[in-house]
Amino acid sequence: MSRSGTHTPHSGHGVHSVAVEELAKRIFNGTYGEGDSLVMPELMKELDVSQTVLREVVRVLTTKGLLDTSQQRGTFVRPREEWNLLDSDVLHWKLAAGVSSDFFADVLELRRSIEPAAAALAAERRTDHDLAELDAALRAMAASDNDPARLVRADASFHTAMLIASNNRFYAQMHRVIVPVLVQRDQEVLSTGGEFVDPHTVHAAVVEAVRKRDVDGAYMSMLELLDVSARAHPLGGVWGG
């Protein structure tokens with residue numbers, strides 16, 4: 001994922017990368033269900049790849065938790081609960097296949113456990129550069145003229161910058177999970193006719209607490225931001241938050 005939430009496809013080139021994407025798509029859309037064994041000669045023909053390429057494709061998807069191999073079953077699809085949703089490719093494939101409201105609810109619960117704590121750390125540890133990134137995201141919101149696409153981008157930048165400003169290496173990495181889901185949710189709000197409300201005020205309150213190095217204030221402001229977002233729309237909020 002890029003910092004703005006745009007997916008960067010699995011690293012690879014040509015036939016190999018295309019085959020990884022195609023097989024993953026078939027797993028996520030149910031063409032190959034949980035527990036199904038893959039018939040490798042047939043799959044080689046369907047994907048139009050060599051045995052060497054297919055072996056590498058299987059290796060990649062095995063490392064991501066989608067596939068496994070045993071002597072008895074050959075190569076088979078692992079149960080969905082074992083798929084690594086913290087992997088940026090797996091998350092991309094999941095979002096592309098479509099997700100339900102309970103998926104967004106699960107991510108909101110994750111965000112409530114991470115983002116307020118990250119904001120509190122940002123208030124304690126933020127650098128001038130971190131603050132500049134947060135201010136830039138706020139300016140982008142203010143300059144969006146309530147254009148939904150621009151608000152989505154600004155919101156993604158804000159939450160990425162806040163997680164990075166925590167200066168905790170693990171929280172900083174969580175933007176790879178949180179931001180793509182946030183962007184997908186906002187896009188679904190738009191597609192179902194949801195309205196975007198000006199998000200600047202609640203986001204600015206978090207930044208102001210970070211600016212003042214108010215640890216408790218940053219924590220509570222971020223929690224309030226997430227709660228406002230959750231109340232605003234059954235998918236977990238309009239305009240991001």
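**A walk through a helical chain**

The chain exposes about 11700 Å², and carbon and sulfur atoms supply 51% of that area (areas come from the Shrake-Rupley method with a 1.4 Å probe). Keep in mind that this is a predicted model, where local features need pLDDT of at least 70, side-chain atom pairs count only at pLDDT 80 or more, and totals for chains, interfaces and linings use all residues. Residues are numbered from 1 along each chain as its sequence is written, and side-chain values use heavy atoms, with hydrogens and water left out.

What is the chain built from? You'll find 11 helices and two strands (DSSP runs, H or I of at least four residues for helices and E of at least two for strands, numbered from the N terminus). Read along the sequence, the order goes α-α-α-β-β-α-α-α-α-α-α-α-α. Of the 241 residues, 46% are buried, meaning under 20% relative accessible area with a 1.4 Å probe, counting protein chains only.

Now look at helix H1 (residues 14-28) and helix H3 (residues 51-63): their axes come within 9 Å and cross at roughly 55° (axes are lines fitted to C-alpha atoms over the stretch in contact, and angles run from 0 to 180 degrees between N-to-C directions).

Terms used: Buried < 20%, exposed > 50% of the residue type's maximum accessible area, 1.4 Å probe, protein only.
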